[in-house]
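Hi everyone, thanks for coming. Please have a look at the model on the screen, and I'll walk you through a few places in it.

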Amino acid sequence: MKALQASKIRIPFRERLREIMEPYEPGPNASGASLALDIFVILCILASCALIPLGYFYPHREAIFWELEKLFTVIFVVEYLARWYSAQSRARYPFGFYAVIDLLAILPTLLMLSESLLMLRMIRGIRLLRLLRLLRLLRLLKFVRYGHLIYRALVSFRIWCSAVNYRYRLRQLGLLSIYVVIAWILGANLLYLTERGISSEPGPFGSYWKSYWNILIVLISGIEDKEPLSLLGRIEVTAMMITGIVIVGMLTGEIVAILVRKAERAGKVAIKPPKGRMGQHFVIFGTNSHLDAVIREIHAATRGQNYILVVAPEAEEIPVTDPVIYGRVFALGGDPVRMEVLEQAHIESALRVE
């Protein structure tokens with residue numbers, strides 16, 4: 001009977017609206033509507049601020065930009081009134097820090113919309129209208145309310161970039177790409193200058209732009225029919241061919257290493273990148289038979305919003321029982337009592353250590 005009565009209790013609309021209007025915080029009681037609203041408001045802030053430089057670069061479309069500005073202003077006004085209505089103390093809300101920022105975000109446009117008043121018609125004469133347009137950038141201060149959400153997004157993006165960089169060896173592949181570009185440019189210019197200065201007949205490298213294409217073929221597949229006419233040019237193109245063989249061999253080795261590592265790690269927890277700095281994460285020291293249940297509990301409590309780092313000598317051999325739940329789980333192999341292992345775990349920025 002009590003359970004039936006409790007099920008009939010409904011959260012008042014004002015309290016429910018307050019939960020949605022508050023900045024999103026991960027947790028068991030987190031609201032997906034709050035996260036959606038925060039993302040929507042952030043996108044509106046960015047889009048509305050982008051209208052200011054667009055108005056200067058494309059003055060012939062000022063009318064379209066102004067209509068969009070009025071639309072964004074209506075959205076911010078509705079947001080301001082909704083926060084005021086759902087505030088715990090409506091009398092004190094307008095004097096709060098965030099309320100003042102919200103008001104400053106919409107006030108310049110509201111003044112521009114009131115330009116038909118006699119007092120504001122003088123604005124055009126004293127060039128304050130442009131100042132009001134620039135003051136619309138004050139809505140960037142609204143990001144203060146979403147600082148924690150933006151920070152969490154940046155931390156997640158940084159960890160994701162580190163993981164992708166470590167998994168696919170992007171740093172090594174990037175260096176090889178730089179070596180290829182340097183060899184390509186130097187080889188094309190060197191052979192062009194050599195052939196133009198020594199050989200009297202036009203050869204494969206007698207044309208400047210054609211030499212870029214021919215040296216690329218030399219680097220990838222060999223000399224073939226791209227043989228220079230001069231002896232010095234033949235020595236140079238041979239050196240470039242050897243350079244190409246070395247670079248292609250190194251590139252093949254990197255690709256093989258990526259494929260081998262991917263095959264070895266199939267079905268196992270991802271390894272934490274050595275240089276990847278984590279934050280707002282959970283750290284678990286050691287492994288036992290309850291590890292999978294603990295990971296599932298943390299995932300359910302945080303709705304998969306936080307990363308989990310397992311630190312243990314055998315952490316790299318932890319199997320993945322569910323790709324969705326283990327999507328944000330990393331393993332750090334090593335003894336947790338060693339200082340260098342603790343530094344790699346970044347426990348000073350962790351939410352919880354178990």
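Let's begin at Ser162, which is buried, with a relative accessible area of 16%. Buried here means under 20% relative accessible area, exposed means over 50%, and partly exposed is in between, using a 1.4 Å probe and protein chains only. Before going on, a word on the source: this is a predicted model, where local features need pLDDT of at least 70, side-chain atom pairs count only at pLDDT 80 or more, and totals for chains, interfaces and linings use all residues. Residues are numbered from 1 along each chain as its sequence is written, and side-chain values use heavy atoms, with hydrogens and water left out.

Back to Ser162, which sits in helix H9, residues 147–167. Helices are DSSP runs of H or I with at least four residues, strands are runs of E with at least two, and both are numbered from the N terminus. What does Ser162 touch, not counting residues up to four places away in sequence? Pro273 and Gly276, where a contact means heavy atoms within 4.5 Å. Ser162 also lies 8.7 Å from Lys272, C-alpha to C-alpha, although 110 residues separate the two in sequence.

Now for the whole chain. The protein chain has 14 helices and five strands, and 36% of its 354 residues are buried. Of the contacts between residues at least 6 apart in sequence, 66% join residues at least 24 apart.

Next, two helix pairs. Helix H3 (residues 32–57) and helix H4 (residues 62–86) pack at about 150°, with axes 10 Å apart. Axes are lines fitted to C-alpha atoms, for helices over the stretch in contact, and angles run from 0 to 180 degrees between N-to-C directions. H3 and H4 are therefore roughly antiparallel; that label is for angles over 145 degrees, with under 35 roughly parallel, 65 to 115 roughly perpendicular and the rest oblique. Residues making this contact include Phe40, Val41 and Cys44 of H3 and Phe65, Leu68 and Phe72 of H4.

The second pair is helix H11 (residues 208–221) with helix H12 (residues 231–264), packed at about 55° with axes 6 Å apart. That makes H11 oblique to H12. On the H11 side, Ile215, Val218 and Leu219 meet Val237, Met240, Met241, Gly244, Ile245 and Val248 of H12.

That's my tour, so over to you for questions!
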